[in-house]
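Shall we learn to read a structure together? Here is the one we will talk through.

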Amino acid sequence: MRFRKSLFLLCFLLFCSWNTKNVSLFPYNPKCGDTLKITITKTSPSKKFIAEFNKKEYHFYPIRQQNQCCIIPLSCKFLPGKHKINLSRLHKKEKKLLWSKELEILPGIFRRIDLKLRRKKSRLLSLPKKDPQEKKFQFYLKSKITFPLWQGKFIRPVKGRITDGYGTYRTINKTIPWNQHKGVDFGAPKGTPVYASNKGIVVLAKAFSLQGKLVLLDHGEGIQTVYMHLSSTLVQPGEMVKKGKMIGRVGSTGLSTGAHLHWGLYINGITVNPLTWIKYEY
Ligand SMILES: [Zn+2]
């Protein structure tokens, strides 16, 4: 009888420790360009969970009030449609499926623009593509900090109006098809201060041919922000910067049509719309 009671109690405790009501998704109707966040509430920080989505695995990290969180990037190039999310618990190298949901990813609404580039800048388009790895900006898009450094919402990195949003389809001089826009452009006069949008460690503060002078910050957990086309950089690699610290000045270096700041946000090397990180807390 005592054994039965103990078994009942154990089953009851196991049921209480896992409840699908403890899983939430944000946003509920995600679209291409969004950051998808899965939160598990009322759980121990020592429990290990894993989310599987679009043939990739994403791990969770603990946040306040016994919550764990997982961030999935949906780039502007993500294929809209139905995708399944599986949530499992990892225990002694075994994966136990706890929750599954089919999610409809909506298409993003991205505009089309043509950029007018002066002949001098057009030469940048025909640069040799076989640069050594370390000369490529993409080489540095790997966060080395395994915990979140950022605190609260991100801030606008510069005073100025938005001149181009995330995901815009672009052509150059009406003839050359170019990449979809990987960030947000803020128009501002040359020399306008540029601020760190959140706490992070400086990964790069140098010039690249297309991106111009740039600062790349690592905010931990795979989150990085980039500030491109600067006229000057005011920080050094390895330096820890607080949210709001001045890190450079607006310019028009690299492939740029005029003084502006290109601000991008990467999640494990994949771009998302950075403006959602200003609006919501991740
Ligand atoms: Zn841009």
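This is a predicted model: local features need pLDDT of at least 70, side-chain atom pairs count only at pLDDT 80 or more; totals for chains, interfaces and linings use all residues.

Q: How is the chain divided into domains?
A: Domain bounds come from an automatic or database domain assignment. In this chain they give domain 1 (17-105) and domain 2 (112-279). The centres of the two, taken over C-alpha atoms, are separated by 28 Å. Ten residues from domain 1 and 13 residues from domain 2 take part in the contact, where two residues are in contact if their C-beta atoms, placed from the backbone, lie within 7 Å.

Q: Which residues have the most contacts inside the largest nonpolar core?
A: A nonpolar core is a set of buried Ala, Val, Leu, Ile, Met, Phe, Trp, Tyr and Cys residues joined through C-beta atoms within 7 Å. A residue is buried if 20 or more other C-beta atoms, placed from the backbone, lie within 10 Å of its own. The largest such core has 53 residues, and Cys70, Leu214, Val215, Tyr227 and Leu261 have the most contacts inside it. This core lies between domain 1 (17-105) and domain 2 (112-279), because both give residues to it. Leaving aside neighbours within four places in sequence, tyrosine 227 is in contact with residues including Leu214, Val215, Leu261 and Trp263.

Q: What is the order of strands in the open sheet?
A: Two strands pair if DSSP finds at least two bridges between them. The open sheet of three strands runs E9-E11-E12, with mixed pairing. Strand E9 (112-115) and strand E12 (176-178) each have a single partner strand, so one side of each is left without a neighbour in the sheet. E9 pairs with strand E11 (residues 169-172) in the parallel sense over four bridges, and isoleucine 113 stands opposite arginine 170 in E11.

Q: How many bridges join strand E3 to strand E4?
A: Four bridges join E3 (residues 48-53) to E4 (residues 56-59), and the two run antiparallel. Phenylalanine 53 has lysine 56 in E4 as its bridge partner. Two residues lie between the strands of this hairpin, where asparagine 54 takes a positive phi near 50 degrees.

Terms used: Residues are numbered from 1 along each chain as its sequence is written. A residue is buried if 20 or more other C-beta atoms lie within 10 Å of its own, exposed if 12 or fewer, and partly exposed in between; C-beta atoms are placed from the backbone.
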